[in-house]
Amino acid sequence: MFARNQKIMAITTIAVCGAGTMGSGIAQAAAQNNFKTILFDVNSAVLAKAKDTIVKSIDNLTVKGKLTQAQAAQTLAQLHFTDNIADCKADVVIEAIVEKLDAKVSLLQQLALVNSEATILATNTSSIPVSAIAAAVPKPERVAGMHFFNPATIMRLVEVVRGTHTNDATIDALVTLAKQLQKQPVVCKDAPGFIVNRVARPYYLEAMQLVTNGEVTDIALIDEALQNSGFKMGPFALMDLIGLDINYSVSNIVWDALGQPKRLTPSSLQGAKVAAGDLGKKTGKGFYNYTT
Ligand SMILES: NC(=O)c1ccc[n+]([C@@H]2O[C@H](COP(=O)([O-])OP(=O)(O)OC[C@H]3O[C@@H](n4cnc5c(N)ncnc54)[C@H](O)[C@@H]3O)[C@@H](O)[C@H]2O)c1
């Protein structure tokens, strides 16, 4: 696999930027696998919630016997929470903030100033072209996608996305890192939606289409049918888990990138929920209601 005549960069410190749904899971996965892990968010309330979630998750793993007390203590000792970007000095930075190009570019530009040119800048974007992000960042050859799946502590797949600027050393380092995180990396092109989000679009869109067309209006029934046919989660429960804002952005970005094909038109049903602030599990209300 690593026949190229080069040493793979040693990674000891990872900075995860954005402590929301994905960032907190990625940080936990990194710390559990013995990386010094810095978790950064601009919102201190989100940071506090992430800390609480991670501590509870680690406690849970200990109770279930999946982590020893020593491993739990070691994991927590590896984690550093901060709202100061200057603390994000690392071998690899993984950004997991809002699914917006300008926000990601601005963050990575700041991170480039905080770090040396050797630091790999990875994005967990689901759908924004990695090449568009890289083009605006110094040394774009060290920028790549490192796309984890939700929940990041559990899901094995990581799409390692090669942008037009990304060099082999960056891809090799991220593939190695994914394996060290006990994930299954798949290197893919910077195509709209990469692999999984491209193929999964109709799963969400057709389900919402059934409802907006009035063909089947009971979302729980649709979820149950899909689950009983072998899917792990029904489309509505899955969108709530992902976050409706994120899922809606991904639909819009993939639709635009493919020239706005009718079959992939984003759903007004989802757009209305996003506009109302009903973003799914993370806000307590989406297609379903959640109590914390
Ligand atoms: N939710 C999913 O299922 C999923 C799966 C794979 C990839 N992703 C991708 O991961 C990224 C994050 O998604 P999420 O669901 O975790 O979002 P989220 O809304 O749960 O969290 C985003 C976090 O980013 C923080 N943030 C915003 N701007 C910031 C900045 N400039 N610096 C630091 N923090 C900032 C916010 O305070 C928030 O806590 C997106 O690019 C998304 O496409 C999401």
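**View 1. The largest nonpolar core of the predicted model.** This core holds 37 residues. Those with the most contacts inside it are Met 146, Phe 148, Leu 174 and Leu 177. Two or more residues come from each of several strands, namely S1 (13–17), S4 (92–95), S5 (120–123), S6 (143–148) and S7 (157–162). Helices H1 (21–32), H2 (44–63) and H6 (168–180) also give two or more residues each. Helix H6 gives the most, with six residues.

**View 2. Surroundings of Leu 177.** Neighbours within four places in sequence are left aside here. Beyond them, Leu 177 is in contact with Ile 11, Ile 14 and Phe 35, and also with Val 92 and Met 146. Both Leu 177 and Met 146 are among the residues with the most contacts inside the largest nonpolar core.

**View 3. Packing of helix H10 with helix H11.** Helix H10 covers residues 244–257, and helix H11 covers residues 268–275. Their axes are 9 Å apart and form an angle of about 135°. H10 is therefore oblique to H11. The crossing of the two helices is left-handed.

**View 4. Residues where H10 and H11 meet.** From H10 come Leu 244, Asp 245, Asn 247, Tyr 248 and Ser 251. They meet Gln 270, Gly 271, Lys 273 and Val 274 of H11. Sorted by class, this contact has three nonpolar, four polar and two charged residues.

Conventions: Residues are numbered from 1 along each chain as its sequence is written. This is a predicted model: local features need pLDDT of at least 70, side-chain atom pairs count only at pLDDT 80 or more; totals for chains, interfaces and linings use all residues. Side-chain values use heavy atoms; hydrogens and water are left out. A nonpolar core is a set of buried Ala, Val, Leu, Ile, Met, Phe, Trp, Tyr and Cys residues joined through side-chain atoms within 4.5 Å. Buried means under 20% relative accessible area, exposed over 50%, partly exposed in between (1.4 Å probe, protein chains only). Helices (H or I, at least four residues) and strands (E, at least two) are DSSP runs, numbered from the N terminus. Contact means heavy atoms within 4.5 Å. Axes are lines fitted to C-alpha atoms, for helices over the stretch in contact, and angles run from 0 to 180 degrees between N-to-C directions. Angles under 35 degrees count as roughly parallel, over 145 as roughly antiparallel, 65 to 115 as roughly perpendicular and the rest as oblique. A crossing is left-handed if the near helix is turned anticlockwise from the far one by less than a right angle, and right-handed if clockwise. Ala, Val, Leu, Ile, Met, Phe, Trp, Tyr, Cys and Pro count as nonpolar, Asp, Glu, Lys and Arg as charged, and the others, Gly among them, as polar.
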